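Here is a short tour of some aromatic rings and a sheet. Have the sequence and the model open beside you as you read.

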Amino acid sequence: MPAFHSFIPDRDGWKTLHEEICFSGPYLQVQSVTVTSPTRSAPFNWTVCHRKAAVVVAARTTEGKFILVRQERVPIRATIWELPAGQIDHATEQDAGAIRATGLRELREESGYELMPGGEVVSLGHFFPSCGFTDEHSHLLLVHPVAPGPSGPALDANEMITECRAFSSEELKAMVASGEICDANTLAAFARLTAMDILSGRTIL
């Protein structure tokens, strides 16, 4: 099947009967599919958007602060605070090395920060940003400690990042509570960090 990845197979009770590509571009593919499911034996139609897997980076400094970038987002006509993130270029999204390399690249390019010598890159699992219409999945990484690199950021031509700052855990929590942070990647990372007691500092990795 032409797709951006092979992460989502037909699981037990699911069967793909027909699929048709409606649109295909470098970052997005739209398919019309006919499937049956564990609770629906009669075939039904669905529109699915395929996107490359992404990596979201929760980068923490030696002071315990997290790096956020403020980025323009065309679909919502707004500039918002986010964790650095980006898509995995090649169809090797389940390879731990590709996930790590993508995370460190996006961190360096978007924020100018780099992993310090002897630092760690810890997988926090993955999540689905909007599984009602897309199979896109984002891998979460904790990268620590980090510090500004010698070269600074190197933004992609299609990106417009206006600011980069380090926020304390309490500041990050307040921004989530107030709704100032509103993108799914950062909210998902915040939830995972909180659930694992990493944000509080009680879990030492």
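## Aromatic pairs

In this predicted model, the count of aromatic pairs comes to two. One of them joins Phe44 and Trp46: the ring centres are 6.3 Å apart and the planes stand at 85 degrees, over the 60 that edge-to-face needs, so the pair is edge-to-face. Phe44 is buried, at 16% relative accessible area, whereas Trp46 is partly exposed at 42%.

Trp81 and Phe167 also make an edge-to-face pair, with 5.0 Å from centre to centre and 80 degrees between the planes. This pair links distant parts of the chain, since Trp81 belongs to strand E6 (residues 78-82) and Phe167 to strand E10 (residues 161-167), 86 residues apart.

## A charge over a ring

Phe44 has another neighbour to look at: the charged end of Arg40 sits over the Phe44 ring, 4.0 Å from the ring centre.

## The three-stranded sheet

Now for the strands. Three of them form an open sheet in the order E1-E2-E3, paired antiparallel. Strands E1 (15-24) and E3 (40-50) stand at the edges; each has a single partner strand, so one side of each lacks a neighbour in the sheet. On average, neighbouring strands here are turned by 15 degrees against each other, ignoring direction.

Strand E2 (residues 29-37) runs antiparallel to E3, and eight bridges join the two. To find your place in this pairing, look for Thr34, whose bridge partner in E3 is Asn45.

Note on methods. Residues are numbered from 1 along each chain as its sequence is written. This is a predicted model: local features need pLDDT of at least 70, side-chain atom pairs count only at pLDDT 80 or more; totals for chains, interfaces and linings use all residues. Side-chain values use heavy atoms; hydrogens and water are left out. Two strands pair if DSSP finds at least two bridges between them. Helices (H or I, at least four residues) and strands (E, at least two) are DSSP runs, numbered from the N terminus. Axes are lines fitted to C-alpha atoms, for helices over the stretch in contact, and angles run from 0 to 180 degrees between N-to-C directions. Rings of Phe, Tyr and Trp (its six-membered ring) pair if their centres lie within 6.5 Å; planes under 30 degrees apart count as stacked, over 60 as edge-to-face and the rest as tilted. Buried means under 20% relative accessible area, exposed over 50%, partly exposed in between (1.4 Å probe, protein chains only). A charge sits over a ring if NZ of Lys or CZ of Arg is within 6 Å of the ring centre and within 35 degrees of the ring normal.
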